[in-house]
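We will take a short walk through the model, one selection at a time.

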Amino acid sequence: MIPGISIYEILTITSILFFIGVYGFITRKNLISILISVELILNASVINFVIINKYLYPDMLQGVLFSLFIIAVAAAETALAVSIIIGLYRQISSVEVKDVETMKY
Amino acid sequence: MERIIFYSIALIMVVFAIASVTSRKMLRSVIYLLFVLCGVAGIYFLIDYNFLAAIQLTVYAGGIIVLIIFSVLLVHHIEMQLEIAKLSRQILTAVACMVGLGIFLTTIYSHEFNVVENSRTTTTADIGSKLLSYEAGGFILPFEVISVLLLAAMIGAIIIAKGAKLTGKNDKAL
């Protein structure tokens with residue numbers, strides 16, 4: 001644990017990061033910007049896993065291992081999302097959310 | 001000393017996260033995200049999880065950021081300004097996020113955590129043996145599943161990204 005820093009301060013920081021990500025997810029109109037916001041949200045949750053593991057259960061490793069898995073899934077998700085964005089751009093020449101309506105309804 | 005480092009990292013992370021979701025230039029917003037991810041790696045270093053910090057730096061700052069920059073350069077003109085949402089919608093979203101943050105913080109601060117004072121260092125060998133152990137509490141099955149998932153995601157990404165060409169060839173062959 002970090003000397004002089006309580007668990008409350010770190011959880012405050014991660015909550016702030018999480019809600020900044022949610023704000024970006026809702027207000028942005030661009031697929032790549034939405035991807036960036038999702039990365040912020042995922043990172044905030046990963047820090048929570050690691051911090052709770054370190055502060056509350058220092059003998060265990062479950063939080064660290066789960067954060068490793070979350071990072072791997074996030075990498076796979078980003079690769080797929082980027083390929084979908086590139087494929088979309090080839091078909092409709094745009095990455096704005098409002099132009100993507102092929103699979104609507 | 002740790003307090004100063006932690007507070008400066010926290011300040012950098014919050015400021016650059018806000019800049020990243022509000023900047024109207026695409027490439028800058030990605031670079032701001034890079035600073036946030038490096039700040040996260042700094043927090044891992046502070047709590048003594050060196051392996052996780054290295055993973056964060058290589059996978060996120062090295063891999064994902066490069067991938068996003070690549071896609072930005074492929075689909076955008078760099079000077080292009082992004083569209084932004086209506087002001088009323090921005091304010092509504094900000095208020096909703098503030099309310100959610102308030103609920104989170106009141107819940108966190110009203111809960112008593114049983115913090116265990118410790119200064120244990122986790123070595124990479126511990127993580128590796130736990131990850132590959134097949135006894136109770138071992139993580140060998142998720143480890144194998146995640147490797148298959150990564151392979152499937154990579155193949156799927158290749159297929160999706162070159163989809164048009166593949167179908168064109170198939171049509172000719174048929």
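The tour begins with each chain alone and then moves to where the two chains touch.

**Before you click.** Keep in mind that this is a predicted model.

**Stop 1: chain A.** Select chain A and hide the rest. If you draw a box along the principal axes, the C-alpha atoms of chain A fill roughly 55 × 25 × 25 Å.

**Stop 2: annotated spans in chain A.** Now select residues 6-26, 31-52 and 64-89 of chain A, which an unreviewed UniProt entry annotates as "transmembrane region". How much of residues 6-26 of chain A is helix? That span is 95% helix and 0% strand, with its end C-alpha atoms 31 Å apart. Move on to residues 31-52 of chain A: here the span is 100% helix and 0% strand, and 32 Å separates the end C-alpha atoms.

**Stop 3: chain B.** Switch to chain B, which has 7 helices and 0 strands. Its pattern along the sequence is α-α-α-α-α-α-α. A compact globule of 174 residues would have a radius of gyration near 16 Å, but the value for chain B is 22 Å. The C-alpha trace of chain B spans about 70 × 55 × 30 Å along its principal axes.

**Stop 4: annotated spans in chain B.** The unreviewed UniProt entry puts "transmembrane region" on residues 6-23, 30-47, 53-75, 87-109 and 139-161 of chain B. Select residues 6-23 of chain B to see a stretch that is 94% helix and 0% strand, with end C-alpha atoms 25 Å apart. Residues 30-47 of chain B are 94% helix and 0% strand, and their end C-alpha atoms are 26 Å apart.

**Stop 5: the interface.** Show both chains again. How many residues of chain B are in contact with chain A? There are 71, and they meet 60 residues of chain A. Helices H1, H2, H3, H4, H5, H6 and H7 of chain B each supply at least two residues of the side that touches chain A. Color that side of chain B by residue class and you get 52 nonpolar, 12 polar and 7 charged residues.

**Stop 6: H1(A) against H4(B).** Select residues 7-27 of chain A, which form helix H1, together with residues 87-110 of chain B, which form helix H4. Their axes come within 9 Å and cross at roughly 155 degrees; H1(A) and H4(B) are therefore roughly antiparallel to each other. The crossing is right-handed. Show side chains for the contact residues, including A:Tyr8, A:Phe19 and A:Tyr23 of H1(A) and B:Arg89, B:Phe104 and B:Tyr109 of H4(B). By class, this contact holds 14 nonpolar, 6 polar and 1 charged residue.

**Stop 7: H2(A) against H3(B).** From H2(A), display A:Ile32, A:Leu35, A:Ile36, A:Glu39 and A:Val50; from H3(B), display B:Leu52, B:Ile64, B:Ile68, B:Ser71 and B:Val72. These residues divide into 8 nonpolar, 1 polar and 1 charged.

Note on methods. Residues numbered from 1 in each chain as written. Chains lettered and ligands numbered in written order. Predicted model: local features only at pLDDT ≥ 70, side-chain atom pairs only at ≥ 80, totals over all residues. Contact = placed C-beta atoms within 7 Å. Helix = DSSP H or I, 4+ residues; strand = E, 2+ residues; numbered from the N terminus. Nonpolar A, V, L, I, M, F, W, Y, C, P; charged D, E, K, R; others polar. UniProt positions renumbered as here; feature names shortened; annotations may be inferred. Axes fitted to C-alpha atoms, helices over the stretch in contact; angles between N-to-C directions. Parallel < 35°, antiparallel > 145°, perpendicular 65-115°, else oblique. Left-handed = near helix turned anticlockwise from the far one by under 90°. Rg over C-alpha atoms; globule rule 2.2 N^0.38 Å.
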